[in-house]
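Take a moment to look over the protein below.

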Amino acid sequence: MSLRILPQDQLAQSSTTIVPFFLPESTPPYAARANRFNELAPGHALEAYLRLCAAISHAQAAAASEVDVAAPVREQRYWDQCALHDLPPLGTEGWPRDPVWRTLLAHLLATLAADPALPAETRTVLDRLAACDADGLERRATQLLSGDWSGLDRAEAPFVAAALQVYFNRLAAQLSPLQVGNPYVHAHGCPACGAAPTASRIRPGADGLRYLHCSLCETEWHKVRSSCTQCGGTHDIGYWSLETEDDGRPTERQQPPMRAEGCGDCHAYLKMLDPGRAQNGDVLADDIATLTLDLAMDEKGFERAGPNLLFFPG
């Protein structure tokens, strides 16, 4: 692997009418994501984990289609105040979690447990979660959503996160754009649920505009390219990508689908996906498949600015 910096003039975007955010669609993204994980898996150094993520995504798709998630009834004043003060209406610290998220988790665990190819160590983790009582599951969810992962069980976390992703995704899909405030006020947090982005992507059909992709509910909100997603800085932004080599010889140069955007001011970075360079590209799947790029950015002194809730290193 070699690390290559990209000139910013390759990333110039044209002027267009900007849609500030896109709420999740009525059809969940999980089935397509599972296909992408399986597409990326063969021969990959992380093939086994990519296959597991594909299975988790399939289980998410099944849970989303078979478990109804209804948004609690709130007074109109609540929605108005959230929009007026640019607060995420599904903010994870204030929104009262419905126990249905645990139903989603139970469905997801049962679907995964039925897979005969599941590794024994993963099955042990699923059994442990399935035996956990409601209070224990709620504590795990609260800790995960708080971002304080110091005592988090890293083996259990992706499965708890997967259920919470379905829950918040289905809630966000029911929001009206009028219930969501200005995404530019708190640019690093999702305007629907407040969670940090996993990465950004050049959104198809949006004339080259870049949108941050929520790690939890999968809302996307606009962020100007060549500006830091963490501090907003614009004068010391660099772009890096990895190029593969075969027997020490560079392969034919191709623009990689996933690149890293790093800020020299705050030393934060976030990856950016260009779906035009990868058919069926997916932010979460392509992010995990390019962990080598994260290692390279860490070696250069940059800190990642957003999580992927299907992967908890440590």
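A nonpolar core is a set of buried Ala, Val, Leu, Ile, Met, Phe, Trp, Tyr and Cys residues joined through side-chain atoms within 4.5 Å. Keep that in mind as you look at this model, which is predicted. Its largest nonpolar core has 75 residues. L144 and F168 have the most contacts inside that core. Which helix gives the most to this core? Helix α7, residues 157–172, does, with twelve residues.

Now zoom in on L144. Set aside its neighbours within four places in sequence. L144 is then in contact with W149, L152, A157, V160, A161, L164, L309 and F312. There is also a second, separate core, of eight residues. Among its members are L242, A260, Y269 and M297.

Step back to the whole protein. There are nine helices and eleven strands. Of its 314 residues, 50% count as buried. As for the surface, the protein exposes about 14,400 Å². Carbon and sulfur atoms supply 52% of that area.

Next, see how two helices meet. Helix α4 covers residues 100–113, and helix α6 covers residues 134–146. Their axes come within 11 Å and cross at roughly 95 degrees. Angles of 65 to 115 degrees count as roughly perpendicular, so α4 and α6 are roughly perpendicular to each other. Which residues of α4 and α6 meet? From α4 come W101, R102 and L105. They meet A134, L137, E138 and A141 in α6.

Return to helix α7, where N169 lies. Is N169 buried or exposed? The relative accessible area of N169 is 1%. Buried means under 20%, so N169 is buried. Again, leave aside neighbours within four places in sequence. The contacts of N169 are then P24, P28, P29, Y30, C217 and E218.

Finally, turn to the cysteines. How many disulfides does the structure hold? It holds zero. Take C266, which is in no disulfide. The nearest cysteine sulfur, that of C228, is 3.6 Å away. A disulfide needs two cysteine sulfur atoms within 2.5 Å. C266 is partly exposed, with a relative accessible area of 31%. C82, in contrast, is buried, because its relative accessible area is 7% and the cut-off for buried is under 20%.

Technical notes. Residues are numbered from 1 along each chain as its sequence is written. This is a predicted model: local features need pLDDT of at least 70, side-chain atom pairs count only at pLDDT 80 or more; totals for chains, interfaces and linings use all residues. Side-chain values use heavy atoms; hydrogens and water are left out. Buried means under 20% relative accessible area, exposed over 50%, partly exposed in between (1.4 Å probe, protein chains only). Helices (H or I, at least four residues) and strands (E, at least two) are DSSP runs, numbered from the N terminus. Contact means heavy atoms within 4.5 Å. Accessible areas come from the Shrake-Rupley method with a 1.4 Å probe; for residues, only the protein chains shown count as cover. Axes are lines fitted to C-alpha atoms, for helices over the stretch in contact, and angles run from 0 to 180 degrees between N-to-C directions. Angles under 35 degrees count as roughly parallel, over 145 as roughly antiparallel, 65 to 115 as roughly perpendicular and the rest as oblique.
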